[in-house]
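Dear colleague,

Please find below the structure that I am handing over to you. My notes on its aromatic side chains follow.

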Amino acid sequence: MNTVTTTSDPVGKRESVLILTPMSRFYEEYWANIIKLQYPHELITLGFILPKTKEGNQATTTLQNHITSYQKSAAKKDRFHNIVILREDFEPAISSQDESVRHKKEFQKARRSSMAKARNSLLFTTLHPSISWVLWLDADVIETPHTIIQDMASHDQPVLAANTFQRYMDTEKNQMSERPYDFNNWQDSEAALKLGASMGKDDILLEGYHDMATYRALMAFMSTPDGDLHYEVPLDGVGGSALLVKAEVHRDGAMFPPFSFYHLIETEGFAKMVRRLGKQPAGLPNYKVYHYNE
């Protein structure tokens, strides 16, 4: 442990990276993006956790096939150091992973609690003492800069979030466009704090629902055309779409609460834990990754 470094030059220092992905569906574009990452693959360990559902079983089989094919056919220097696949040992919160269903407000507490349990199981099983960085990357994030690890690590922040967008066809303009997707990267507001103070101890605040106006400043809307990719903002809440964490932050005890933690849960609760540990999460409004468009 004493020889493990976590620096702004992870390639030069040969720092090991753990990429963790909870997965319910397998997306070909996700895997194609992963194998194109320009960080030395021999320094990367991949970790996945999938539910024991019909869809999860299909995703597991497809994932295993892609892993086997790649690790056998790739040049030795391009093979990943290690790959771990876990299965969830608890029932899924909702039966459907369709975007229109899983984002319904009434499902959010159970869904986010289940996600937190999956993240914690994956983290606690795979966080080897040699790991310097943990990159949380959702299975439906299908496009990132190929230098995302070294780009984000260069900021030397304990917790750093990229800005997740979604490409779509703008039918009015008849051209491809993009829109913000992850609304869990935010700066807190007095309105949200007052709303939380009025809640029961087990209630949670949720972002992106019109009947729960928090008036938080969302990083999703902070990007600027041709803006500096490395422009940073402090954050009070983070999403898990593309989140780089110094491994020491997790080792210090920051995990993903599957319960109401100061009226926050999962990744947003994680950010609160990070703040309670005396560290400041940050985000990159102009550094974009892209979510699958269902």
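Is Y70 buried or exposed? In this predicted model, Y70 has a relative accessible area of 13% and is therefore buried, the cut-off being under 20%.

The structure contains nine aromatic pairs. One of them joins Y30 and F48, whose ring centres are 6.4 Å apart; since the planes meet at 80 degrees, the pair is edge-to-face. Distant parts of the chain are linked by this pair, for Y30 belongs to helix α1 (residues 28–35) and F48 to strand β2 (residues 44–50), 18 residues apart. Y30 counts as buried, at 1% relative accessibility, and F48 counts as buried at 1% relative accessibility.

A further pair is formed by Y70 and F80: the centres of their rings are 5.6 Å apart and the planes stand at 40 degrees, so this pair is tilted. F80 is buried, its relative accessible area being 4%. Through ring pairs, Y70 and F80 also belong to a cluster with W31.

With kind regards

How values were computed
Residues are numbered from 1 along each chain as its sequence is written. This is a predicted model: local features need pLDDT of at least 70, side-chain atom pairs count only at pLDDT 80 or more; totals for chains, interfaces and linings use all residues. Side-chain values use heavy atoms; hydrogens and water are left out. Rings of Phe, Tyr and Trp (its six-membered ring) pair if their centres lie within 6.5 Å; planes under 30 degrees apart count as stacked, over 60 as edge-to-face and the rest as tilted. Helices (H or I, at least four residues) and strands (E, at least two) are DSSP runs, numbered from the N terminus. Buried means under 20% relative accessible area, exposed over 50%, partly exposed in between (1.4 Å probe, protein chains only).
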